[in-house]
Amino acid sequence: SRTVMTTLRSTPVGRAGGLRHVRRRRSMIYRITKEYVWFGSIPDHPGALAEKLRALSVGKLDLDLVLSRREAPGRAVLFVSPLRTLEELEIAARAGFGKKDSFLTLRITGPNTPGLAAKVAGALAEAGINIRSFTGAAVSDQHVTCIMFDSQTDVDQAKEVLDRLLA
């Protein structure tokens, strides 16, 4: 999906340092993809996360998302994504991840702009789509957002809404 934004910038003109407004167009391209996020339970003690990630790294998986948090005393949960090939799925299975332990999300990547999370959440709310989980991060001028929904239907509808919003 692609959107074009016009920005107004002040640019120094001449030696006197006067300012002149110049309109510039910059292209803002957002990519929205459906991704499975896999999760598994791990013990909540030092080294448990490292052990699970070592098991996943055997096949040199190129994970874009690694998130771990305590779920209950003595137990944590680990989320990883993406797992796309049969080889990656087999490695994940040997590390204790299974198909039943996954959920479909929408992943948005593109330029980081102020208010983007509010714009996305607002559009989904207006469409009557409930968000189960929303995680976003920015690095420099780029962002990535992962949104989990309650059903496949919600994922499909949300993708349509966001494709229009960020087109």
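Author: Let's start with residue classes: Ala, Val, Leu, Ile, Met, Phe, Trp, Tyr, Cys and Pro count as nonpolar, Asp, Glu, Lys and Arg as charged, and the others, Gly among them, as polar. The model here is predicted, with local features needing pLDDT of at least 70 and side-chain atom pairs pLDDT 80 or more, while totals for chains, interfaces and linings use all residues. Residues are numbered from 1 along each chain as its sequence is written, and side-chain values use heavy atoms, with hydrogens and water left out.

Reader: Thanks! In what order do the elements of the chain run from the N terminus on?

Author: Helices (H or I, at least four residues) and strands (E, at least two) are DSSP runs, numbered from the N terminus. This chain has four helices and eight strands, in the order β-β-β-α-β-β-α-β-α-β-β-α.

Reader: What share of the 167 residues is buried?

Author: Buried means under 20% relative accessible area, exposed over 50%, partly exposed in between (1.4 Å probe, protein chains only). Here 34% of the 167 residues are buried.

Reader: Now to pockets. How much space lies in the largest pocket?

Author: On a 1 Å grid over the protein atoms alone, a pocket is an open set of points where a 1.4 Å probe fits, with protein on both sides within 12 Å along at least five of seven lines; lining residues have an atom within 4 Å of a point. Points join across faces, edges and corners, and the volume is the space filled by probe spheres set on them. The largest pocket comes to about 290 Å³. It has 16 lining residues, and Arg69, Phe79, Phe103, Ser133 and Met148 are the closest to its centre. Two or more lining residues come from each of S3 (31-43), S4 (65-72), S5 (75-81), S6 (102-111), S7 (133-139) and S8 (142-148).

Reader: Which element gives the most to that lining, and how does the lining divide by class?

Author: S4 gives the most, with four residues. By class, the lining of the largest pocket holds 10 nonpolar, three polar and three charged residues.

Reader: And what volume does the second largest pocket have?

Author: About 190 Å³. Of its 13 lining residues, Asp64, Leu65, Thr135, Val144 and Cys146 are the closest to the centre. S4, S7 and S8 each supply at least two residues of this lining, which by class has seven nonpolar, four polar and two charged residues.

Reader: Do S7 and S8 run parallel or antiparallel?

Author: Strands pair if DSSP finds at least two bridges between them. S7 and S8 are antiparallel, with seven bridges joining them. Val144 in S8, for one, has Ala137 opposite. The two strands form a hairpin with two residues between them, and Ser140 in the turn has a positive phi of about 60 degrees.

Reader: Last topic: how many aromatic pairs does the whole structure have?

Author: Phe, Tyr and Trp (six-membered) rings pair if their centres lie within 6.5 Å; planes under 30 degrees apart count as stacked, over 60 as edge-to-face, the rest as tilted. The search finds four pairs. Phe39 and Phe79 are tilted, because their planes stand at 40 degrees, with centres 6.0 Å apart. Phe39 in S3 and Phe79 in S5 are 40 residues apart, so this pair links distant parts of the chain.

Reader: Is Phe79 buried or exposed?

Author: Phe79 is buried, at 11% relative accessibility, whereas Phe39, at 25%, counts as partly exposed. Phe79 also pairs with Phe103: centres 6.0 Å apart and planes at 65 degrees, so edge-to-face. That pair ties S5, which holds Phe79, to S6, which holds Phe103, across 24 residues of sequence. Phe103 is buried too, with a relative accessible area of 16%.
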